[in-house]
Structure formats: structure tokens, C-alpha cells
Amino acid sequence: MSDSQTQHAAIAETSTVRVRRTRWQRMRILFSRAPLTAWFGMVVVAIYAVVTLFAPLLAPYGEAEVFSRGDAPWSREHLLGTDRIGRDVLTRLLYGARNTVGIALGTTMLALLIGGSLGLIAAINRSWLDQIISRAVDTIMAIPGLIFALMLLAIFGASILSLILIVGITYATNFFRLTRSVSLNVVVMDYVEAARLRGENMVWIMAREILPNILPPLIAEFGLRFIFVFLFIASLSFLGMGIQPPTADWGSMVRENAHWITFVPFVPFQDAFFYGLKPLLPAGCIALLTIGVNFIVDWFIHETSGLRDV
Amino acid sequence: MFRLIEVIGKRILLGLVTLFIVSLIIFSSISLLPGDFAQAVLGQTATEATLKAFRESLDLDKPVITRYFRWVAGVMQGDMGNTFSGRSTGGQGIDVSRPVVEIMLPKLRNTLFLAGVTAAISVPLALMLGFLTALFRNSIFDRTANAITLSTIAMPEFFLAYMLIILLGGYLPTIANVRAETEFLQRLLLVTLPTMTLTLVIVAAMMRMTRAAIINLLASPYIEMARLSGASQAEIIFRHALPNAWAPIATVIAFNMAWLVVGVVVVEVVFTYDGIGKLMVDSVGSRDIPVVQACALVFAATYISMNLLADIVGIVTNPRLLHPR
């Protein structure tokens, strides 16, 4: 008879088995399971983040610096050439990351803030306030987003502030619907009731009782909506209604250089090819980021929802 | 049967209410504008007399409600006011502004042509691909189709358009400059690339939804039963799953047609196609508010009625929706 185990209390057994993993260990396990596509997405996002943060250090010239030679070909001084009025394409591409991604991120956060808090309030309140906000959101969603934004931009004029506000409000509707419907399931829980009886105020209940429980779907929605907002702003800029020059931005870069594709026949690896890349590179940057974020969101949803592919 | 009509009637009524509120929003875009609208349009140099004349010509001196009902009455009779561009600003200049409807109608026809051609190609294509991917689920074909459609959805439309121009621009016209007198076949040739761009985007979305609608059904017990009794995969999909899948698929089609109406905007600008989307973008650029309002109203009305259609199709084909619990 061994003396290794003299007690048979449940606590003794479980405590030896269930050593809680540190946050770091859990992260490592999570990442080791990540599929290749998710890694691809993370690498892309990391590169974009570095470019966004350090654009002024990476760029060879100033954001709106104009050189004497417009439409210059690729050369040692201008690695990707210059655009029609003589601005360095590489520089504008790097600064464009900062402006395009930054504004899209800010807009998505604004949309989350407005839509999320209104959704929480509506879910807790459930009275006439809920009705009013819900009907207003229904109406805004009945108008196609691009048309709604174009109309408002026609009235208020295209500036970065109005762009962020208009697109933010347009997309707040999506966040509102999601937050409201997810929190409705949480609001009825006993611990929310307990907090209410304890006399906690509305802000506490929203932030400490409900929010932690609805966070995963909100984060997934944030990633997904970021893509839509990003594409939406890029489209508006491409149409000439978004971010205005001289601020560098990918959508308007495509627009400014598009004539190289539309009017010049495309022959691989001849001069025209490199000119054709001027509008194509910013467009490609947009596409790459959206695909990268898409992969990450896919993986995140997969991990947090516990869904397995059928 | 009465129940069905009642539900559909309610839904149509709701659509009309939505349209009414949307028209209010579109209309109030002029009235609720901060500052003096006449000043904003005519510029700082305009004289007081000009401003007054401008306000009177737009009824800006009348109460908002009067103006709204005048506007709605005008729209009902096919009169959406005159454009701002070309309006005389100097007091004695000649007024060369044109009725908005006169400008809009031919462009609307062009847009409907583009959307119609796209729909005629993409709907059968998307349904076929949806069936095939559901049939050969998790095969290499399915996986490739999924990867391709996921990336086309994630790409901006103008990127796809320019890629197509690069690949096929040598063989097909890259500028869709249709005119009123352009013949049908010539027209078709001109819109080939715009149609392909729109088709790529819309087929991707529609195919994924069709596939999801069928696969969703494959989890039902009666499909399990069919499989156990020895039905082949094709038999299960076409004989057992499809009849029940038509409802969601029809909804998917109507929903995507609603998207198509808006999706044309960017494509029209890329290919300088003379449609209503390009008209709207141009007028937003020149801040020609009556044209913007008219375009927005047309787009919103089409969008709302398409979504309404999707809902009605859903109600008619799914009897369960008639008996809400």
C-alpha cells in the first residue's frame, strides 16, 4: 500500500489536474491551431500596421511634395514613378495606408460606439425609446447605403469630418441591430436582475454586466464591418466624393491614375505595363487588406462560436 | 388564402410607409440644410435680388410642409423640378436649366439595360454553380469556387473592373459610350466588360447564398430518410431538397437584384457608361441637388420595392411564415 495518496477528497484530485493555464499558454495553443489562411491574414495586417504607424519614416518624400516631372516612369529616384502632377507614387502609397486605413478604422469605431451604446440602451430600456430607435434604423437601412451617403455628401460637401460622420452613422445601424439582438438574451439573465436590484446604475449594468457577455460577436462584427467601411470609403474616394486631395488615399489614387489602364493597351513588362501598375497597386493594396482581415475574422468566428464545419 | 392577402397587404403597406419616410428624408435634405441654401448654391458674389429670385423659384420662402407636398405632387406627375446647373445667376442671364426628368429618363433606360443584361446572365449562372457546389460539396471544385467567390466579394468593384480591362481590354471596348441611336448588338458589345464585372460580384454572392440554402436543408431529418432509403446525391438535391429550397433561393435572387441596382454606380463610373449612377455621382460633384434628389428617390424606390418583392416571395413560398407564433 503506497502512501502517495492518503486522502480522497475531490478538491485534492481536481486541484492537481486543473492547473489553470496562463494567458500566454492559452494564446500559444490558440495560435498553433491557426490555419494557414489566418496566418496569412495576420502577416498582412501586421505589415499594414507597421506602414500605417511609420509612414513618414518609410516614405522617401513628403506626402504632397510635387516634382517637376509628371507621369515619370519607374526610376531610381522615384521607385514607382510619379503621378500626373508629379507626386511620388510610392510615397503616396505609404501615406495612403495611414489615411485610408486610419479613417476607415476611426469610422468603424465611431459606428460601433453609436450603434453599440444605442443598442444596449434599447435592449435594457425596451420601451418607447427602443421603438423609436429601431424604427429609425429600419428606415435608414431601407435606403441603399451608397445612395444615402452620396446624397448627404452632396449636401454637406466632401470633407474628412463629414465623411467619417456620414459613413459612421450609416454603419451604426448594423451595430445597433446586432448589439440589441444579442443583448436581449443577456438582459433577462438573473445576474442582470441582481445588479438592478442592488441599485447599480444603467452605465454599470451596460459596461460590467452585459458588455463582457456580448463581446465575441461584437468583435467579429467589428472586423467584418471594418472591411465594408473600408471598401465603402475607398469606393466613395474612387468616385471623387471621399477623401480629398492633397491627402493621399488609395481610392482617389486609383481614380487619378486610371487613364493608364483605360486608354493604354496592356502589354506585359513593357513601359505601359509599369504605368498600368500605378492605379493597380493602390487597388491591390485595398483588396489585399480586405482579404487578409476576412481570413482573420473567419478564424475568429470559428474559434469563438465553437462551430465546426459541417 | 385571405390570410395570405392580408399578410402581403400589410407588408406592402409597410413598404409604402417606408417609402414615404425615405421621401421625407430625401426632401428635407434641402430644407434642413444649415445656413442659407441659396447663398451656398449661388456663391458669395450673388446679389440680394438674385438670391430672392432663386428662393422664390424654389419656393424656399414657403413653409416646409407646403413645399413637401408640392414636391411629392410634382414627382407623382413626373415633374422633379429643374436642374441647378445652367440656372441664370446674373439676374438677366438666360435660364438654360433643363427639367430633371428629361435628363434622367434616357440614362435610367441605359442603367436598366445594363442591369437587365447582367441579371439575365448572372441568375442562371449563379443558380447552376450553387447547385453544383452543393452537389459536389467539399470536392476540389467546391473549394476552388468558394475561395474564388470569397475573394471576389472582398475586392472593391473598381479593382475587378480594371483587372478585367487589363486582361480583356485588347479585345473588348473599355469605354461603354452608348448613345440613344446605338444599335442593340453594338450596345451589347459595349456593355460586355461592365456586365462581366457586375456578374463576377453578383454571381459570387448569389452562388454562396444558394449553396447555403440547399446545404441548410440537407441537415433536415427527411433528407436523412431519403439518403437511408438509398437515393443518390443528385436525386436528394434535385428531388428532395430543391422544392423546399426555392423559397430562400427566390429571396436570394430578389435581394441580389436590389443590390445590383446600387452596384451599377461604381461600374458606370469606371466604364463612363451613361447611366443614372454616373449621373448621380456627377451631380453630387457639382452639387446639383434636384438631380441628386431625383436619382436618390429612384434608387431608393427600386431598392425598397426589390426588397419588398423578396419578402413577398418569401411569404408566398413559405406557408410557415403565415402562422407566426
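Helices (H or I, at least four residues) and strands (E, at least two) are here DSSP runs, numbered from the N terminus. What you are looking at is a predicted model, in which local features need pLDDT of at least 70 and side-chain atom pairs count only at pLDDT 80 or more, while totals for chains, interfaces and linings use all residues. Residues are numbered from 1 along each chain as its sequence is written, chains are lettered from A and ligands numbered from 1 in the order in which they are written, and side-chain values use heavy atoms, with hydrogens and water left out.

**The two chains**

Select chain A and colour it by secondary structure: the chain has 12 helices and zero strands, so that, by the DSSP assignment, its elements from the N terminus on read α-α-α-α-α-α-α-α-α-α-α-α. Of its 310 residues, 46% are buried, where buried means under 20% relative accessible area, exposed over 50%, and partly exposed in between (1.4 Å probe, protein chains only). The accessible surface of chain A is about 16,100 Å², and carbon and sulfur atoms hold 65% of that area; such areas come from the Shrake-Rupley method with a 1.4 Å probe, and for residues only the protein chains shown count as cover. If you count contacts (heavy atoms within 4.5 Å) in chain A between residues at least 6 apart in sequence, 70% of them join residues at least 24 apart.

Now switch to chain B, whose secondary structure consists of 13 helices and zero strands. Buried residues account for 47% of its 325 residues, and the chain exposes about 16,200 Å², with 67% supplied by carbon and sulfur atoms. Among contacts in chain B with a separation of 6 or more, 70% come from residues 24 or more positions apart.

**Helix H6 of chain A and its two partners**

Two packed helices are described by the angle between their axes and the distance between the axes. The axes are lines fitted to C-alpha atoms, for helices over the stretch in contact, and the angles run from 0 to 180 degrees between N-to-C directions.

Select residues 145–156 of chain A, which form helix H6, together with residues 160–187, which form helix H7 of chain A: the two axes come within 10 Å and cross at roughly 150°. H6(A) and H7(A) are therefore roughly antiparallel, given that angles under 35 degrees count as roughly parallel, over 145 as roughly antiparallel, 65 to 115 as roughly perpendicular and the rest as oblique. Show the side chains of the contact, among them Phe148(A), Leu152(A) and Phe156(A) on H6(A), and Leu163(A) and Ile166(A) on H7(A). By class, this contact has seven nonpolar, three polar and no charged residues, with Ala, Val, Leu, Ile, Met, Phe, Trp, Tyr, Cys and Pro counted as nonpolar, Asp, Glu, Lys and Arg as charged, and the others, Gly among them, as polar.

**A helix pair within chain B**

Next select helices H10 (residues 221–228) and H11 (residues 233–270) of chain B, which pack at an angle of about 155° with their axes 10 Å apart. That makes H10(B) roughly antiparallel to H11(B). Tyr222(B), Ile223(B), Ala226(B) and Arg227(B) in H10(B) meet residues of H11(B) including Ile236(B), His240(B) and Asn244(B); the contact as a whole has five nonpolar, three polar and one charged residues.

Centre on Thr108(A), in helix H4 (residues 89–125) of chain A. Which residues does Thr108(A) touch, not counting those up to four places away in sequence? They are Phe175(A), Phe222(A), Arg225(A), Phe226(A) and Val229(A), and Thr108(A) is buried, with a relative accessible area of 0%.

Move to Val192(A), in helix H8 (residues 190–198) of chain A, which at 0% relative accessibility counts as buried. Leaving aside neighbours within four places in sequence, Val192(A) is in contact with Val186(A), Val187(A), Ile205(A), Glu209(A) and Ile210(A).

Finish at Asn146(B), in helix H6 (residues 140–154) of chain B, which counts as buried at 17% relative accessibility. Beyond its neighbours within four places in sequence, Asn146(B) is in contact with Arg208(B) and Arg211(B).
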